[in-house]
Amino acid sequence: MLDINNYLNDLRKDAENTYALVNPHTLDVVEDVPECTDVQMEEAIQRAGEAFNEMKSMPSVKRSTILDEASRKVAAHKELFAHTIVKEAGKPIRFARGEVARAVETLKFSAIEARKLEGESIRLDAAPNGEGRDAYTIYEPIGVVGAITPFNFPLNLVVHKVGPAIAAGNTIVVKPAEKTPLSAMLLREALVQSGLPEDAFLIITGDGPRLGKVLLNSSDIQKITFTGSPEVGKLIKSQAGLKKVTLELGNNSALYVDESMRGKLKQIAAKTAVGAFAYNGQVCISTQRIYVHASIADAFKKELIQEVNNMQYGDPSKEATDVSALIDDQSQDRLMDWIEEAKGNGAAVIAGGEKVERGIKPTILTDVKRTDKISCQEVFGPLALLNTVSSAEEALHEMNESEYGLNAGVFTTDLSQAMQFGHELDVGQVFINDVPTLRFDHMPYGGRKNSGYGYEGVKYAIHEMVNRKLISLNYTF
Ligand code: NAD
């Protein structure tokens, strides 16, 4: 059994306050979450620092076994995790189950990588005067990692920080999003029950700016790993001093559908609808800017409208629900303002465009100006634009006209065109014949420009959480 009540009660004892965690769909209070004090954060950092002594000397096979066992535990309690995500984030159950399945894999990848953290042998005799020495590198854990995570993938994005930290032999203090701390706590239970020392992974709940500052100011935190909005990411980097920093931020993901794909428009429209509207578009790589070649634009538009109009708004705990309440009312108001702005500048709504209960109907606009917020900012909601281009070159140009650079997608059968997009798109990841809303948990994953700094993807995240050391042996002395 995974029970988070003891952990929550311990936090409540020292917290000055609690706040109501509310189900975004029903508005029922799900939990009274402790608003932890700065002192609680400082104490957590200190305890994690003490636990580091045990973690750094733990053999990698043991760390790997703990992660493997935790992966099995999460899988064994997958419905509990999925329903917790539904309640705290309002994520439709099918997508919540998908997130849990990915978290199981991310833990498995972490278990594998824990055994593979290998250095290299360096030929020092390649340098003048270097002869007579053997040299090699090893990786050492850095100490206590501070993690700050967003609401939209409250489990798997926490695993993306905790799994690599443990695999490397670090300890970690997590400040989860205020609205979604519960699935992270279940994860901690799974890891502790799998043999992880209690203080190797601690969670402190409460206000982001205040508790984030404690993490940033602490000289015992060696690294900050942050996933969230670009505004907060920039602030964190500017305050992190010499700490290592990884920032996984937002995007306004672009997709191009080339005329060579004329025969597959129905399948592409189906993938595009899911890419743009799954979990209400509250996904950092949600398909937002869709560019389609003029010669197939009408046919593609028809297919896409049909797919989008078939999506069901409703209770996130129901199997048939595709879209549901947004995380909060401010998001609903902001998105309606953005739709109005684009309409005022000449855009046409071809699907949705209205509020429904606490959400917004999946909405597509055509003829959106590059300067409209729906184009140039991250919508983080169920809105996408569908603009027509007269050539692949024009699509490439439009796609790169962005302050962001995380994922992009291109559908084409033209190999040289595919390679041109692969090389010239100014993003971290390019997907040919897929929508940009795609991530596999072991691949390198990182953004450029306002989308981030550094990489995640288990192996790559580990490399950002270790110190490399070179050891040279002078065998002629
Ligand atoms: P957010 O930036 O508002 O909050 C993220 C976290 O930062 C929360 O835990 C919050 O409490 C904390 N925080 C807020 N202000 C802070 C401050 N001043 N100092 C320290 N911490 C602070 O983001 P959100 O609304 O929870 O999530 C949505 C954003 O996350 C979107 O921009 C989305 O694109 C991004 N995101 C990126 C990825 C990725 O992998 N690139 C994945 C998921 C989400």
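A backbone N or O atom of Gly228 sits 3.3 Å from an oxygen atom of the ligand. That pair is a polar contact, here a pair of N or O atoms within 3.5 Å.

Before you start: this is a predicted model, in which local features need pLDDT of at least 70 and side-chain atom pairs count only at pLDDT 80 or more, while totals for chains, interfaces and linings use all residues. Residues are numbered from 1 along each chain as its sequence is written, and side-chain values use heavy atoms, with hydrogens and water left out.

**Exercise 1. Find which residues come nearest the ligand, and how much of its area the protein covers.**

Step 1. Look around the ligand: there are 28 residues, and Thr149, Glu178, Ser229, Leu249 and Glu378 come nearest. To count, a residue needs a heavy atom within 4 Å of the molecule.

Step 2. A backbone N or O atom of Phe151 is 3.2 Å from a ligand oxygen atom, and a polar side-chain atom of Glu378 is 2.4 Å from a ligand oxygen atom.

Step 3. Now the cover: of the 850 Å² of accessible area that the ligand has on its own, the protein covers 88%. Accessible areas come from the Shrake-Rupley method with a 1.4 Å probe.

**Exercise 2. Describe the largest pocket and work out where it lies.**

Step 1. On a 1 Å grid over the protein atoms alone, a pocket is an open set of points with protein on both sides within 12 Å along at least five of seven lines, a cavity is a set where a 1.4 Å probe fits but cannot get out, and lining residues have an atom within 4 Å of a point. Points are joined across faces, edges and corners, and volume is the space filled by probe spheres set on them.

Step 2. The largest pocket has a volume of about 1200 Å³. Its lining has 43 residues, and Pro150, Phe226, Gly228, Ser229 and Val232 lie nearest its centre.

Step 3. Helix H9 (230-239) is among the elements giving two or more residues to this lining, and H9 has the largest share, six residues. Helices here are DSSP runs (H or I, at least four residues) and strands are runs of E (at least two), numbered from the N terminus.

Step 4. Domain 1 (5-249 + 451-471) and domain 2 (254-440) both give residues to the lining, so the largest pocket lies between them. The domain bounds come from an automatic or database assignment.

**Exercise 3. Say which helix gives the most to the second largest pocket.**

Step 1. This pocket has a volume of about 650 Å³. It is lined by 28 residues, with Arg102, Phe153, Thr437, Leu438 and Arg439 nearest its centre.

Step 2. Helices H5 (93-114), H6 (156-168) and H10 (265-277) each supply at least two lining residues. H5 gives the most, with seven.

Step 3. Both domains contribute here too, so the second largest pocket also lies between them.

Definitions and conventions. A polar contact is a pair of N or O atoms within 3.5 Å; within protein, one must be able to donate a hydrogen and the other to accept it, and residues adjacent in sequence count only if both atoms are side-chain atoms.
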